[in-house]
Amino acid sequence: MNAQELYEKGFELRCSGNYGEARKALQEVLSMEPGHADAKWQIGLIEGFEGDFDSSMATLKEVVDANPSHVSARYDLAMTMMMLGMDAEACSQFREVLRLQPDHEKAKQQIIYCD
């Protein structure tokens, strides 16, 4: 399998809740393509779904730092920050999501909780 096929497999496994197998597939993608932002983003989501919010936030932040226009990772980082009570930081991320993609419906819904 090439990296894209492995990513799709990992994504499908993550969506079906098979986090362990998804993580393996996504880590294999990263071994093939270390800069694969979507694979790292999916791993960050898995960490959050498994309850490791600190690791999730760190992974999502790595994705956003390396890929500032990755709107999905930035939105998920903002949501994680909001869940952890980091409201000011989350609001800053929501504002950036909306700057990058003004029609982002979920960010528009969340920004109402910001000053």
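Visitor: Which residues have the most contacts inside the largest nonpolar core?

Guide: A nonpolar core is a set of buried Ala, Val, Leu, Ile, Met, Phe, Trp, Tyr and Cys residues joined through side-chain atoms within 4.5 Å; buried means under 20% relative accessible area, with a 1.4 Å probe and protein chains only. In this predicted model, the largest such core has 32 residues, and Trp41 and Phe94 have the most contacts inside it. The elements that give two or more residues to this core are α1 (3–15), α2 (19–32), α3 (37–49), α4 (53–66), α5 (71–83) and α6 (87–100). The model is predicted, so local features need pLDDT of at least 70 and side-chain atom pairs pLDDT 80 or more, whereas totals for chains, interfaces and linings use all residues. Residues are numbered from 1 along each chain as its sequence is written, and side-chain values use heavy atoms, without hydrogens and water.

Visitor: What does Trp41 touch?

Guide: Contact means heavy atoms within 4.5 Å. Leaving aside residues up to four places away in sequence, Trp41 touches Tyr7, Leu60, Val63, His70, Ser72, Ala73 and Asp76.

Visitor: How many helices and strands does the chain have?

Guide: Both are DSSP runs numbered from the N terminus: helices are H or I with at least four residues, strands E with at least two. The chain has 7 helices and 0 strands.

Visitor: What radius of gyration does the chain have?

Guide: The radius is taken over C-alpha atoms, and the globule rule is 2.2 Å times the number of residues to the power 0.38. For 115 residues a compact globule would have a value near 13 Å, and the 14 Å of the chain agrees. Of these 115 residues, 43% count as buried.

Definitions and conventions. Buried < 20%, exposed > 50% of the residue type's maximum accessible area, 1.4 Å probe, protein only.
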